[in-house]
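Some notes on the structure below, for checking against the coordinates.

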Amino acid sequence: MNSMSGQGQKSRTTLGRRDFLEALGIVGAATLLGGCETTPGGKGGMHSDKPNVILIVADDMGYGELGIQGSKDIPTPNIDSIAHNGVRFTNGYVSCPICSPTRAGLMTGRYQQRFGHELNPGPADEANPEFGLPLSETTIPERLKSLGYATGMFGKWHLGFRPELQPTKRGFDEFYGFLAGAHPYLRAAGGPQNAIMRGTEPVADMDYTTDAFTREAVSFIDRHKKDPFFLYLPYNAVHAPLESLQKYLSRFEGITDKKRRTFAAMLSALDDGVGQVLGKVRALGLEKDTLIFFISDNGGPTSQTTSGNAPLRGFKAQVLEGGIRIPFLMQWKGRLPEGKVVDTPVISLDIHPTILAAVGAPAPQDKPLDGVDLLPHLNGKKNAPPHGRLFWRFGEQSAIRMGDWKMLKMAKGDSQLYNLAEDIAEGNDLAVQNPEKLKELQTAYDAWNATLVPPRWKRGAQGQQRQDGSQKVRPRRKPKNAG
Ligand SMILES: [Ca+2]
């Protein structure tokens, strides 16, 4: 596995200049990355210690569904541009193979099983009353708001329905979107638990949701171009249901499979939306003042939506690589190297502490974060991998990655052991040949597992998620898997 350092002439050059300036005492402690360029126009150097942050989350986008990730049939030039202008992590993970727990980890920077947010709640009208990101945890927008940031969220929440758990009570000044785990793209319908809302009020009018969330995001950037802002943009694309508009479908007349064609149109709309957001940042002269992340919340449920995870094995709702390894991109013009590819494992939990470091905020003292600040690993300040080990627990499934080795256990069957450097598709189970390695990983997993609490809710669709990650809701039956 490659280390994060030594990734190219450009990053080395930048680091050298920063080190030189630091040696002269020119760069302050808050300047975390190479150079001390000020940006002409826009906010320029004025907010160099308070960069804007944009966090874009796709829903159910598989590892293989971007041009930059190897996809051939659906162009995604705008999302790909984040990788060209910044960093692409080939071993980027989320902390759960399904929607809500991943988002709980993302918002808090902590393994969500530490506070019982381990499973999905089920459909909105059947959700367990316990469900929601607990108020004992602190979200990244809450931390940024306390630092004077304007905070806006446009898209899918999926972290609680009760009034005190909604986005505008969890750190966001502005919210336009929906509270549940899925929503139609073309209709405002969805019942009282899942309307499209502005703030806390349902709205009757809506565009195609992808276009609507883009519209709101671009407006937010425009209205806050003089403030430091945090924009959280969790699109529901490309989650089911498969719905698109003719203007996007007409781009893919060559795709004969109707399901694939609709998925292509949905992904193309998402790519257009990301392009509009990036274009607004560029037009305002804010690229050097804006740290941008792009991830998917879990792997693709291929048989349900066609969202593909090639070359990985497994799907959404599984701790196989196809469920948890996702596109993971990061851009900060002038501060991060451009076109850098990093093979060292990172996880969505790292985004919270990386943002805190980027804005010069101290690490929280009350509860330790599980994620780490990635910035020193990207500029060569730290050469060791950010994580010695990464863990997953999702009901009856579990996994640990240590270096190139991964141990996993599905709901049924024995523990499996893979060397991902040699076997990215998890096809050659080495458990029997390597009992010592298996024991080492099991011991490490057990130590981590002992620090967790039980899931705070158990009912819901995740117990019946099929092999492809699609949901077959039978809430009164005992879960066979993951429950
Ligand atoms: Ca998802």
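1. Two residues are taken to be in contact if their C-beta atoms, placed from the backbone, lie within 7 Å. The model is a predicted one.

2. Helix α2 spans residues 77-85, and its buried residues are Ile79, Asp80, Ile82, Ala83 and Asn85. What covers them? The cover for the buried residues of α2 includes the strands β2 (87-89), β9 (290-296) and β10 (328-331), together with helix α7 (258-283).

3. Phe220 sits in helix α5, residues 209-223. Is Phe220 buried or exposed? Phe220 is buried, because 25 other C-beta atoms lie within 10 Å and the cut-off for burial is 20 or more. Beyond its neighbours within four places in sequence, Phe220 makes contact with Gly152, Glu174 and Leu231. Ala150 is 70 residues from Phe220 in sequence, yet the C-alpha to C-alpha separation of this pair is 9.2 Å.

4. Why does Gln318 count as buried? Gln318 counts as buried because it has 28 C-beta neighbours inside 10 Å. With residues up to four places away in sequence left out, Gln318 touches Pro97, Gly323 and Gln397. Between Gln318 and Asn298 there are 20 residues of sequence separation and 9.5 Å in space, C-alpha to C-alpha.

Key: Residues numbered from 1 in each chain as written. Predicted model: local features only at pLDDT ≥ 70, side-chain atom pairs only at ≥ 80, totals over all residues. Buried ≥ 20, exposed ≤ 12 C-beta atoms within 10 Å, placed from the backbone. Helix = DSSP H or I, 4+ residues; strand = E, 2+ residues; numbered from the N terminus.
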